[in-house]
Amino acid sequence: MRGARQPEYGRLQLLRGLILLVVIVLIGRLWQLQMITGEQYRLLADRNRLRQVDVTAPRGVIYDRNGEILARNRPSFSVVVIPGDLPKEPEGQPEGAGDAIVLDRLLAILSRPVEDLGATLETPVPTPTAPPARATQATPTPSVMAIPERQPWVMPRAEIEEKIELGRLGGAYQSITVARHIEEETAFLIAEDTVNLEGIQLVLEPIRDYPSGALTSHIIGYMGHIPETELEEYEAKGYEQNDQVGLTALEAAFEDALYGKPGRQTIEVDVHGRRVRTVGEPDAAVPGHNLVLSIDMNLQQVATESLQETLDASSGFTKATQGVVVAIDPRDGKMLALVNLPSYDNNLFTKGITTEAWAALTSDTDLPLFNRAISGRFPPGSIFKIIVSAAGLEEGVITPRTRLGDGFDGSNDGVIWLPNEYAPWDRSLAQSFVSWNAKYGYGHGMITVRDALAVSDDIFFYELGGGYPNRYTGLGSKKIGEYARIFGLGEVTGIELAGEVDGLVPDSRWKRLNYAENWLTGDTYNMSIGQGYVLATPLQMANATAAIANRGYLWKPQLVDHITDDQGNVVRPFEAVLLRQTPVDPSLLDVVREGMYGAVNWSNGTAVRVRVPGVIVAGKTGTAEFARDNNKDGQPDRDDKGNLPTHAWFTAFAPYVNPEIVVTVFVANGGEGSSVAAPIATKILQAYFEENPSAEAGK
Amino acid sequence: MRLLFSRRFDWYLLTLVLLLSVFGVIMIASALSGNEVLASWPWRQAGFLGLGLVLLFITAAVDYRLLATVAYPLYLLLLAFLVVIAVIGTVAGGAQRWLTLGEFLLQPSELTKIAVIIALAHYLSTRKERMESILTPIGALLLLVPAVVLIYLQPSLGTALSVLVIGSAMLVVSGLRVRHALLFGGAGLAAAIPAWRFLLEDYMKNRVLMFLNPSQAAAADRYNVEQAIIGIGSGGWWGRGLFRGSQNQLHFLRVRHTDFIFSVTAEELGFVGAVLLIALFALLLFRLVHIASVARDTFGMLIVTGVTAMILFQLLVNIGMNLSIMPVTGIPLPFISYGGSALWTMLIGVGLCESVMLRHKKIGFDA
């Protein structure tokens, strides 16, 4: 039968061949795609659907020693529009009417003034493991420049509509930020009105909040965008370009500890970029560590207030606008208070500082951003005498009973005459050196080192430091410098704040290099009373005082007591760092301490105002002359009696036996240390001993 | 009903067709899963299938030899339809291919293919003694021209091409002489150049150019093919699982339920599933060729050849497009892609083949 078939039936073989060919080609190609290059396409498919997203780690909180919060996180609300989720226009209305209804409503809420929204609510981000915080008192902060905060930003309507149009063309599900940093009450209104605001979402972004503001801004610092120069460094550590980092003070110094580790999770998205689900186990975010400072906010506040009062009360030639208070625990170097005025409100930086605010802060001649406690170089004046005393005693230049001073030249008047080195016989060429008491017309006579410290007799220290021709050999500038360095001057203390300066301990070489002049005995005289070229930071002077108070231990001052993780476990306990033990015999340091005791407790002392009921205080006043030229006449300013302006200093420790606190007060251009700086210390010591009744105090 | 119990009804063919169609409904369900608006479409496709099976049986019941008498009128009727929709047809997707019938859209160009097959089979079977003359194949081509032109004007290049291919296949099988074939091939090539310059629309040129040189194509054009390839490639041996393909379920792949349904299959069911699908098609096609070879007469043989060519061409072009070895044309995968008109066309075609099979030459013992 087959043979009888017509020829066209044979052509069906062609069709069979064609079918076979098609099947082979298709399967071959399928094999190639799925089996040979399959892995590659699997990766491409995963790249399509999987996104790595960061989970932000909450930044560490900063507490004072009593658990009061100094820095925390709070939510800032932004509003975004998602064009793809906006409602369709209602039946019979033109295209875009749906958008308009929602935008009308949203903009109406955003433009409502905040006063209408009722009482301000305070709802910080809950910090579950926070140590029990005391109820935050309404803290009167130091007077700072009134700079308005960054206002909520809302995109103009026309721009929003334009962005929505653009969004519809491209990614309709990409969010468009239309308002930033809106008030919390406004955010609540939007959250409540979700039903009518289809396509609108609230976005929470954590920002920093500093409850203590200007009170602690020089300790805490502020945050901001990563500086361009450090971007690479930070990116290597896993930061994103838009991340905020600590820029100053502890926020910067402890950036690594506070930052934590952001988590990552993989999410699956659809073609519009909408999240479908989370894939796999997320790499959880590790919250930043918390800092617990040794700072006592009570003390910090009292110190700030009393310093501020003093600044406010000053006027005339001694109008003071800048000052520092440092309080240290002399037993281990823990900082109890660190006040620097004028201050600024670091909350100005939390939403990104405005250009106007930055300009205002940086153009102020009182430099509110400048921490003069660690970066200011000032003549220490008479409080430097405690170091010179210790040096003289240890070097054997004097004994505790050695009497030096005024009156050997026939007149006990607070003035000595240093003969000219090249014409000692010519009294008319002799240079006069006066003690502060000369203007009152009396001298202290020949006295021991204790008395000299108590009454702050300059003549005694001129002679101790520089000697007197044919009568007495002094320490000399080299030895004074050596001991100044032993007590921490001329080097940074190493406190956890950036920008610390080392001050200046001059010597003859330094003077030759800088002034092209020889070092003269007169220079040593000046140096002996903390004048002339000696410069120190208030923190250095406080730390030197602590080393005398604790009989020879120079500790590194530290602000951070310990660091805890988010569960409250201590991850870094406090560790006192001994910079050095002074080579001065403790019994000789006791002599210096007795002198400081006398200054406060003897009737002829310079600091009798510092007596605190129930506690024995010892201290040393300082009134350091400096040259300024405010009237710009090319000559140093002088008051009507011809005196140079002075910085007021006072440094003290208490209790006298087993000291627990060192307070150093510095008021720039403040006038007399005894009348201006000492009363501030009194208030601080009172506050401290009210809070910490001392067992030794009654003795 | 006698028909259904006839020993001669080809249950094997029907089983293959049913397997493919049900396979299609499942893949459509997967491609449309998560889409609330189109959630009912897999069920609609199942409904089309039910209705289409009725059409298949009706077609099978009718003696195909009777169709010879209505071959030309039927062809003219369909051509008339094409003219009508060119005038009043609903515009969809930039092309006038649809005729609204109540809620449904009818695509007469699909059914035109059946009319072309019957008309051409009739024409060629009555002139098999005159194949020596070049006039016979020229006449056959002239017969195709109105259908090709009208469908091309819709515009639907793919369907117009498929009509040409079906016609060519029938011509070849019916004994086209080699010299004539060479002549037509040369003429076709010569016509291709003016056709490219004057006849093809820009989007069609783009698709061909993109196929020839993928990097030249616009991003939007490349997107579909790239995503289809990614879906297929990531399928591996066993696939990502039905309803689990990320390219499909997360909508990276577009026109999933029609043009790119093979990509969904390869992604979710893997190499095994895709080869199974192609194997089903192969069995179906070989069965059809077998039916053609046992047909009682040339008319029947050519009808089956036409249907075979139609299925084979669409299979090659659609899967080839998914696999990026063919240009992008809107040709659906037979029995699988969503669409009532296309499915009915296929099922009517199969019905014709069943009709040929039912009445094939008696080789057995029953007289």
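Where in chain A does A:Pro655 lie? A:Pro655 is placed in the loop between strand E23 (646-654) and E24 of chain A, where helices (H or I, at least four residues) and strands (E, at least two) are DSSP runs numbered from the N terminus. A cis peptide bond joins this proline to A:Ala654, with omega about -10 degrees.

The model is predicted: local features need pLDDT of at least 70 and side-chain atom pairs count only at pLDDT 80 or more, whereas totals for chains, interfaces and linings use all residues. Residues are numbered from 1 along each chain as its sequence is written, chains are lettered from A and ligands numbered from 1 in the order in which they are written, and side-chain values use heavy atoms, with hydrogens and water left out.

A:Pro342 belongs to the loop between strand E13 (335-341) and helix H11 (355-363) of chain A. Most residues other than glycine have a negative phi, and most peptide bonds are trans. Backbone angles also draw attention to A:Ala249, which has a positive phi of about 45 degrees although it is not a glycine. This alanine is in helix H8 of chain A and is buried, with a relative accessible area of 13%; buried means under 20% relative accessible area, exposed over 50%, and partly exposed in between (1.4 Å probe, protein chains only). In chain B, B:Val255 has a positive phi near 30 degrees. B:Val255 sits in the loop between helix H11 (246-249) and helix H12 (261-294) of chain B, and its 36% relative accessibility makes it partly exposed.

Chain A is divided into domain 1 (49-68 + 212-293), domain 2 (74-115 + 152-209) and domain 3 (297-343 + 367-691), with bounds that come from an automatic or database domain assignment. The C-alpha centres of domain 2 and domain 3 of chain A are 61 Å apart.

Turning to charged pairs, side chains of opposite charge can pair when their charged atoms come close. Over all chains there are 33 salt bridges, each being a side-chain nitrogen of Lys or Arg within 4 Å of a carboxyl oxygen of Asp or Glu. One of them joins A:Arg157 and A:Glu161 (2.9 Å, N to O). Both residues lie in helix H4 (residues 157-169) of chain A, four residues apart, about one turn of the helix. A:Arg157 is partly exposed at 27% relative accessible area, and A:Glu161 is partly exposed at 36%.

Another salt bridge connects A:Glu251 with A:Arg208 (2.9 Å, N to O). This pair links distant parts of the chain, with A:Glu251 in helix H8 (residues 249-253) and A:Arg208 in strand E6 (residues 200-209) of chain A, 43 residues apart. Both A:Glu251 and A:Arg208 are buried. A salt bridge also forms between A:Lys439 and A:Glu672 (4.0 Å, N to O). A:Lys439 lies in the loop between strand E16 (431-434) and strand E17 (446-447) and A:Glu672 in the loop between strand E24 (661-668) and helix H21 (673-691) of chain A, so the pair ties together parts that are 233 residues apart in sequence. A:Glu672 is partly exposed, at 33% relative accessible area. Elsewhere, salt bridges that share partners join A:Arg59, A:Arg208, A:Glu251 and A:Glu255 into one network.

Chain B comprises 14 helices and three strands, and 56% of its 367 residues are buried. B:Leu32 is in the loop between helix H2 (11-31) and helix H3 (41-61) of chain B and counts as buried at 3% relative accessibility. Leaving aside residues up to four places away in sequence, B:Leu32 touches B:Leu38, B:Trp41, B:Pro42 and B:His257, a contact being heavy atoms within 4.5 Å.

At the interface, 36 residues of chain A are in contact with 53 residues of chain B. The area buried between the two chains is about 4,000 Å², of which carbon and sulfur atoms give 72%; buried area is the accessible area (1.4 Å probe) that two parts lose on being put together, summed over both. A:Arg11, A:Leu26 and A:Gln34 supply 16% of the area that chain A buries against chain B, more than any other three residues. The count of salt bridges between chain A and chain B is zero.
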